[in-house]
Amino acid sequence: MHKPIAALCAALIIVLAVAALVAGSAAASQRTDNEAAMLQLIDHARAERGLAPLHVRATLSRAALAHSRDMMRRHFFSHLSQNGASCAARARRAGYATSGCRSWAISEVIGWGMSCVGTPQAVFRAWMRSAQHRSVILGRRWRDVGVGCVRGTFNGASGSWMYTVDVGRRGK
């Protein structure tokens with residue numbers, strides 16, 4: 001009698017593990033799709049204005065994703081982390097190095113929404129209607145970019161999307 005129960009428990013654990021793996025892959029794929037869509041929107045807007053495309057940097061992407069995750073998990077919305085870290089500090093910590101650079105600069109835009117106002121297109125449109133956000137996205141000085149996007153519950157609203165875009169430039 002104990003063997004059938006043990007076998008049933010083992011089978012249930014395997015089914016749950018596979019389900020979690022599939023769900024995690026689907027969420028990662030969606031996140032990647034949203035990040036790719038945001039990058040495409042940024043590069044398209046820059047190209048329309050004769051600006052160079054930005055180079056995706058893994059270090060800036062890590063910093064942006066970590067900040068989006070942190071804001072979603074801790075239910076805050078700010079360019080400063082709850083521990084007081086700025087986007088520059090987070091980028092340095094993620095490896096966007098300042099050493100060996102004659103000049104170094106970084107800026108950031110953040111956005112969130114749910115349902116139809118949480119799509120990359122809706123968040124991007126909102127940024128482009130804001131002079132301050134638009135100037136960051138279309139800044140001539142920027143050469144590098146990282147995008148981080150997560151889905152979750154934000155301030156009680158399930159199905160919310162949190163976006164962080166970090167742009168930077170390092171001069172040798």
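1. Let's start with a charged pair: the side chains of R73 and D70 meet in a salt bridge at 3.3 Å, N to O. The term stands for a side-chain nitrogen of Lys or Arg within 4 Å of a carboxyl oxygen of Asp or Glu. Both residues lie in helix α2 (residues 58–74), three residues apart, about one turn of the helix. Helices here are DSSP runs of H or I with at least four residues, strands are runs of E with at least two, and both are numbered from the N terminus.

2. A word on the model before going on. It is a predicted one, where local features need pLDDT of at least 70 and side-chain atom pairs count only at pLDDT 80 or more, while totals for chains, interfaces and linings use all residues. Residues are numbered from 1 along each chain as its sequence is written, and side-chain values use heavy atoms, with hydrogens and water left out.

3. The cut-offs are under 20% relative accessible area for buried, over 50% for exposed, and partly exposed in between, using a 1.4 Å probe and protein chains only.

4. A second pair to look at is E108 and R90, whose side chains form a salt bridge at 2.6 Å, N to O. This pair links distant parts of the chain, with E108 in strand β2 and R90 in helix α3 (residues 87–94), 18 residues apart. E108 is buried at 7% relative accessibility, and R90 is buried at 5%.

5. Leaving aside residues up to four places away in sequence, R90 touches A63, H67, H79, L80, S81, A85 and E108, where contact means heavy atoms within 4.5 Å.

6. How many salt bridges are there by this rule? The count comes to five. Another of them joins R49 and E48 at 3.7 Å, N to O; here R49 is partly exposed at 42% and E48 is exposed at 56%.

7. Now the strands. β2 and β4 pair in the antiparallel sense over 12 bridges, and β3 and β4 also pair in the antiparallel sense, over 10 bridges; pairing requires that DSSP finds at least two bridges between two strands. Y163 in β4 is the bridge partner of G111 and of C149. β3 and β4 form a hairpin with two residues between them, and N155 in the turn has a positive phi of about 50°. Because 11 of its 15 residues are buried, β4 is largely enclosed by the rest of the structure.

8. Last, the largest nonpolar core has 23 residues, of which M38, F124, W127, I137 and V165 touch the most other members. A core of this kind is a set of buried Ala, Val, Leu, Ile, Met, Phe, Trp, Tyr and Cys residues joined through side-chain atoms within 4.5 Å. Not counting residues up to four places away in sequence, W127 touches M38, V109, I110, G111, H133, R134, I137, Y163 and V165.
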